[in-house]
Amino acid sequence: MSTLMRTSEIAKRPVVDMAGDDIAQVKDIVYAPGGGTVNGFTLAGRGLFSGPMKTALAWSSVTALGKDAVMVASPGSLGELPADTSTRGQGHGDILGSRVLTDAGTDLGVVVDVIVEVGAGGEPCTVVGYEIKASEALGSAGTTMLIPLPDTMAASGQHLIVPASATDFVQQDLAGFGASIDDFRRQLRGTT
């Protein structure tokens with residue numbers, strides 16, 4: 001069973017090992033090249049005066065990601081990430097604040113968070129949508145809305161491109177967003 005999460009909810013989450021020891025905390029989300037999946041996390045130490053750690057946590061070393069913590073087998077699970085990853089972006093740096101446009105050129109709003117689907121038992125953690133501060137085009141200017149993403153994404157500089165039909169599947173909360181993502185992707189494949 002998979003779970004949808006905002007990446008802002010993952011930042012600062014403690015990293016604990018199977019013995020229950022608190023060994024680090026998540027600093028930033030690191031995406032795989034192309035941005036479709038989470039590659040891992042940069043880490044910070046725990047405690048008031050702890051700063052960034054030189055080690056990171058690859059997604060392949062995560063045994064569970066829950067609402068309270070990131071679980072790893074042991075402190076030895078921490079290490080390095082591949083050199084071709086990018087922090088908090090889709091191969092283009094930080095995407096927060098980027099404009100989301102349809103492939104027809106309509107400005108839908110600005111990204112305020114990224115929605116990921118966390119799979120169970122070794123499944124990848126996949127980027128499935130954005131939380132945006134909506135523009136007039138969505139009829140709710142200034143409100144936050146969730147927009148689903150296709151299986152493959154496009155980005156150009158400071159703009160993120162989605163198919164125009166994505167606007168038919170916008171939600172305001174995570175409760176029904178999983179079904180919207182599935183319906184949107186089926187519609188794109190022509191299997192609705």
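# A tour of the strands, cores and pairs

Start with strands E9 and E14, which pair in the parallel sense over four bridges. This is a predicted model. Select Val100 and look across to E14: Leu160 stands opposite.

Keep Val100 selected and turn to strand E10. There, the bridge partner of Val100 is Gly109. Strand E9 covers residues 99-102, and three bridges join it to E10. These two strands run antiparallel. Which residue in the turn has a positive phi? Select Gly105: its phi is about 95°. The turn belongs to a hairpin formed by E9 and E10, with four residues between the strands.

**Colour by confidence**

Now colour the chain by pLDDT. The mean for the protein chain is 85. A value of 70 or more is reached by 85% of the residues. Next, select residues 86-92. Here pLDDT stays under 50. For this stretch the model has 29 contacts beyond four places in sequence.

**Into the core**

How many residues does the largest nonpolar core have? It has 40. Select Val15, Phe41, Leu57, Val116 and Tyr130, the residues with the most contacts inside this core. Among the elements that give two or more residues to the core are E3 (22-31), E4 (38-44), E10 (107-118) and E11 (125-134). Strands E6 (62-65), E7 (70-72), E12 (144-148) and E14 (159-162) also belong to that list.

Another core lies apart from the largest one. This other core has six residues, including Leu4, Ile115, Phe177 and Ile181.

Go back to Val15 and show what it touches. Leaving aside residues up to four places away in sequence, the list includes Asp21, Asp22, Ile23, Ala24, Gln25 and Val26. Val15 also touches Leu43, Leu57, Val70 and Val72.

Two of those residues lead to the next stop. Select Ser77, in the loop between E7 and strand E8 (86-87). Is Ser77 buried or exposed? Its relative accessible area is 16%, so Ser77 is buried, the cut-off being under 20%. Beyond four places in sequence, Ser77 touches Leu57, Ser61 and Val72.

**Charged pairs**

Side chains of opposite charge can pair when their charged atoms come close. The structure holds six salt bridges.

First stop: select Glu131 and Arg6. They form a salt bridge, with the closest N and O atoms 2.9 Å apart. The pair links distant parts of the chain. Glu131 is in strand E11, Arg6 is in strand E1 (residues 3-6), and they are 125 residues apart. Glu131 is buried, at 10% relative accessible area. Arg6 is buried too, at 18%. Arg6, Glu9 and Glu131 are linked in a network of salt bridges.

Next stop: Lys27 and Asp28. The closest N and O atoms of this salt bridge are 3.3 Å apart. Lys27 is partly exposed, with a relative accessible area of 37%. Asp28 counts as buried, at 15%.

Then select Asp68 and Lys67. This salt bridge has its closest N and O atoms 3.9 Å apart. Asp68 counts as exposed, at 54% relative accessibility. Lys67 also counts as exposed, at 68%.

**Aromatic pairs**

How many aromatic pairs does a search of the whole structure find? It finds two.

For one of them, select Phe41 and Trp59. The ring centres are 6.2 Å apart and the planes are at 70°, so this pair is edge-to-face. Phe41 lies in strand E4, and Trp59 lies in the loop between strand E5 (52-58) and E6. The pair therefore ties together parts that are 18 residues apart in sequence. Both Phe41 and Trp59 are buried.

Phe169 lies in the loop between E14 and helix H2 (177-189), and Phe184 is in helix H2 itself. This pair therefore ties together parts that are 15 residues apart in sequence. Phe169 is buried, with a relative accessible area of 16%. Phe184 also counts as buried, at 0% relative accessibility.

Note on methods: Residues are numbered from 1 along each chain as its sequence is written. This is a predicted model: local features need pLDDT of at least 70, side-chain atom pairs count only at pLDDT 80 or more; totals for chains, interfaces and linings use all residues. Side-chain values use heavy atoms; hydrogens and water are left out. pLDDT is the predictor's confidence in each residue, from 0 to 100. Contact means heavy atoms within 4.5 Å. A nonpolar core is a set of buried Ala, Val, Leu, Ile, Met, Phe, Trp, Tyr and Cys residues joined through side-chain atoms within 4.5 Å. Buried means under 20% relative accessible area, exposed over 50%, partly exposed in between (1.4 Å probe, protein chains only). Two strands pair if DSSP finds at least two bridges between them. A salt bridge is a side-chain nitrogen of Lys or Arg within 4 Å of a carboxyl oxygen of Asp or Glu. Rings of Phe, Tyr and Trp (its six-membered ring) pair if their centres lie within 6.5 Å; planes under 30 degrees apart count as stacked, over 60 as edge-to-face and the rest as tilted.
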